[in-house]
Amino acid sequence: MSNRLKVTPNDLSAFWMPFTANRQFKQAPRMMVSAKDMHYTTSDGRKVLDGTAGLWCVNAGHCRPKITEAIQSQAAELDYAPAFQMGHPIVFELANRLVDLAPEGMDHVFFTNSGSESVETALKMAIAYHRAKGEGSRTRLIGRERGYHGVNFGGISVGGIVTNRKMFGTLLGGVDHMPHTHLPEKNSFTKGVPEHGAELANELERIVALHDASTIAAVIVEPVAGSTGVILPPKGYLERLREICTKHGILLIFDEVITGFGRLGTPFAADYFGVTPDIMTTAKGVSNGVIPMGAVFVKKEIHDAFMTGPEHMIEFFHGYTYSGNPIACAAALGTLDTYKEEGLLTRGEELAPYWEDALHSLKGEPNVIDIRNIGLIGAIELAPIPGSPTKRAFSAFVKAFERGALIRTTGDIIALSPPLIITKGQINELIDHVREVLRAVD
Ligand code: PXG
């Protein structure tokens, strides 16, 4: 590896970093220079255990040979082909491989470059689908409080994270929100899916009654909400949402950007819960986070509703320069091969009980007010420092990094989502780091 990468540049000012406390970071930068499997190496030569699969995306672990080789050889063979009105073989191969993996009936896939773009694509598809079927009055979109659907205007409009919305004006019109399902007084320290709260799905009936079903195009939810701090669906909740949507002809969109590709121990959350949406948005794990890519899965009926009119006409006026980019497709194929060879899309199921016990062993540590888990996702909620919300968790994040573990925090919640290749020994190591950090922070 080049030594050039081993040093910290002496001027950090030009790069405006995303979702980062820029001034704090630039005073004490945390730089990664290489990675392999479960670990990063920092610019000062320390190994850091990846407790978050990057940002919930490096599901197969870092610098996996099949993926690296696939990218290298594709870059030398076909670097780019126009995405509109032209094709190249591996984008079709990838689409076939993906629909084989997807829940029954989700027969078509549309490529994007990120989770945010997958969400915009899904929302536009939903509205256009109804119009194509002669129900052009169905334009409203229903999201949920505390939902995260990326950062573009559609996504923040249906999303429910206040900090991501409040600075950006009036957003999309015609959007309503269901209540979130976080009920700490009833469900704290539940192992797995919580017992209480399925009735919150009935709020959708109230919203339908208010606006009338004939004005509503789609409901979008994360089956397990990630970014907001890991909120699980209460038992029976997603089933009830499915029933209500079906009854009223409303499309159900599952945003599986973090739950897709093995995070819960099944290929998708739809499989885990046995509830099939009409549209499913994915990104991240589809290409192991290595090359940007997103994929939107749709049911056959939705795709087919667009396939009318003169055959020389474009059916859906939507797409990106990099939709199905050859190198991204190669990365995704290398990723799917790695998942298959190592059984990673179901490995979480075997590890989940061990993971659950390890996480819940943190009950009783200082300031821990709740622990939540599902598949290979964990959340440890901390009591905020009075008057300084988020500070305690952020200090825990910085201390964990210094000790040699990468964790993620959102608000006062520590979220863990390691690569699916993690060993039991590494689970112990990660949880021990968190335990020591909790004991050390104020
Ligand atoms: N939907 C969901 C459910 C997501 O979790 C997006 C859409 C947007 O994806 P892109 O690729 O546009 O970022 C996401 C992204 C975190 C964290 O630490 C979560 C995400 C991104 C970065 C950090 O919780 N989720």
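**Overall build and domains**

Tutor: Start with the contacts, where contact means heavy atoms within 4.5 Å. Among contacts between residues at least 6 apart in sequence, 72% join residues at least 24 apart. This is a predicted model, so local features need pLDDT of at least 70, side-chain atom pairs count only at pLDDT 80 or more, and totals for chains, interfaces and linings use all residues. Residues are numbered from 1 along each chain as its sequence is written, and side-chain values use heavy atoms, with hydrogens and water left out.

Now the domains, whose bounds come from an automatic or database domain assignment. Domain 1 takes in 3–51 + 343–440. Domain 2 covers 68–342. Their centres, taken over C-alpha atoms, are 26 Å apart. How many residues are in contact between them? On the domain 1 side there are 32, and they touch 32 residues of domain 2.

Next, the secondary structure. The protein has 16 helices and 15 strands. These are DSSP runs, numbered from the N terminus: helices are H or I with at least four residues, strands are E with at least two.

Then the overall size. The C-alpha atoms fill a box of roughly 65 × 55 × 45 Å along the principal axes.

Last, burial. Buried means under 20% relative accessible area, with a 1.4 Å probe and protein chains only. Of the 442 residues, 55% count as buried.

Methods
Buried means under 20% relative accessible area, exposed over 50%, partly exposed in between (1.4 Å probe, protein chains only).
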